[in-house]
Amino acid sequence: MIILMMDFDDSYVLLSEEQLIYIITIPLSTSIILANLVIILGISWNRQLHNTPNYFFLSLLVADLCTGVALPFIPLMGLNRHLSFSSCLVAHVFPNFLFLAFLFNLVMVHYERYICIIDPLHYSNLWMHRSFPLTLLVVWTPALLYASLPAFGWNNWTGPDFNSCCESTQNLTAFSNCLTNTTSCCSYKRVFPNAFIFLEVYGLVLPAILAIAAMTGHVLWITRGQLKDICRLHRSVERGNQASDQEQKLNLRYTRCVVAVSLTFLACWVPYLIYMHVSIALVVSDSKRSSTTHIVLSCTGIGSMAVVPIVLGLANRQYTEPALKLLQKLRDRWRPRTQASEEATV
């Protein structure tokens, strides 16, 4: 995930921005990691869930877990730091790879469930089911190849002079390192050319998000049509023109489903879309205004998007059943102890 930030030369400002990033991202990262671990363990412990569709979802959870681990480091990509060429590439390429792998896995899971709904008769004959390792290769390899393009030469490292951050910094140690060429001014501008950024945003990220939204909307449309057919058949059997209690319950359930999907999209995708277009606008205008607001947008936008697999996982009771049983056992063990201690005090 390409993080586009303004350049900050003062070391004190850099330190305060790093602290702000850690304050926002560490709680988000911890929550994402723990939630993914709970769902992963739930799928692993339940043998009934050991099938190809759940393996796809497990791959998504692993990618989301890795994104949660890398979350505190992603906004740091927008700050100027004193790193060597290889360290700078790793600091930018690896988080970008994890984000793209997460996004491609998310599209793959939505596509697999989409086909299951619109074409259930041919669902089991999908190429994705016939060769699960090949599907994983198709999902993870393109993300790695595209994210690694800067390491193969598509970068601005030998472009314009970016060492102004070394010259104007007040950190004497970093300044001496720059003078001895042991480190350089590491910036996203030196790793990601503008063409690379535009291609990723408008050629990969935005089409993937639109594809997910389109598949979700089509599924809701199909569900609405099937609900109307059920209600029509129910009225013909009952020989009545007014909606029965069963129809009202079905309509209410569908309305809740639409509301839940809409709220999930607004809460998880809209913050990231806002952040993405604000970042592109800043790149085009080459703005150097304060990045405090931009840091907050990047942390919350990426963090909210990483919550999507967690929402999908927690909505399935089979995934969370082992964790609920474990909590119930702990609660049952804790109650006798508390009751005994209360009786002893009395």
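**Exercise 1. Two annotated spans**

Work out how much of residues 55-77 is helix and how far apart the end C-alpha atoms are.

*Solution.* Start with the secondary structure: residues 55-77 are 70% helix and 0% strand, where helices (H or I, at least four residues) and strands (E, at least two) are DSSP runs, numbered from the N terminus. Next, take the ends of this span: their C-alpha atoms are 32 Å apart. Now try residues 257-275, which are 95% helix and 0% strand, with end C-alpha atoms 27 Å apart. Both spans come from the UniProt record, an unreviewed entry, which lists residues 20-43, 55-77, 89-111, 132-154, 201-222, 257-275 and 295-315 under "transmembrane region". UniProt positions are given in the numbering used here, feature names are shortened, and annotations may be inferred rather than shown by experiment.

Before you go on, two notes on the basis of these exercises. This is a predicted model, in which local features need pLDDT of at least 70 and side-chain atom pairs count only at pLDDT 80 or more, while totals for chains, interfaces and linings use all residues. Residues are numbered from 1 along each chain as its sequence is written, and side-chain values use heavy atoms, with hydrogens and water left out.

**Exercise 2. The overall make-up**

Find how many helices and strands the protein has, and what share of its residues is buried.

*Solution.* The secondary structure comes to 14 helices and two strands. For burial, 41% of the 346 residues count as buried; buried means under 20% relative accessible area, exposed over 50%, partly exposed in between (1.4 Å probe, protein chains only). Then look at contacts (heavy atoms within 4.5 Å): among those with a separation of 6 or more, 83% join residues 24 or more positions apart.

**Exercise 3. The largest nonpolar core**

Identify the residues with the most contacts inside the largest nonpolar core.

*Solution.* First, the term: a nonpolar core is a set of buried Ala, Val, Leu, Ile, Met, Phe, Trp, Tyr and Cys residues joined through side-chain atoms within 4.5 Å. The largest such core has 62 residues, and F57, V205, W269 and Y272 have the most contacts inside it. Helix α3 (residues 85-118) gives the largest share of this core, 14 residues. To finish, pick W269: leaving aside neighbours within four places in sequence, W269 is in contact with L103, L106, I209, I212, T264, M305 and V308.

**Exercise 4. Aromatic rings around F196**

Classify the ring pairs that F196 makes with Y146 and with W154.

*Solution.* Rings of Phe, Tyr and Trp (its six-membered ring) pair if their centres lie within 6.5 Å; planes under 30 degrees apart count as stacked, over 60 as edge-to-face and the rest as tilted. By this rule there are eleven aromatic pairs. Y146 and F196 are stacked, at 4.6 Å centre to centre and 15 degrees between the planes. Y146 lies in helix α5 (residues 132-147) and F196 in helix α9 (residues 194-238), so this pair ties together parts 50 residues apart in sequence. Next, W154 and F196 are edge-to-face, at 5.3 Å centre to centre and 80 degrees between the planes. W154 lies in the loop between α5 and α6 (164-168), so its pair with F196 in helix α9 ties together parts 42 residues apart in sequence. Compare accessibility: W154 is partly exposed at 32%, whereas F196 is buried at 0%. Finally, ring pairs link Y146, W154, F192 and F196 into a cluster.
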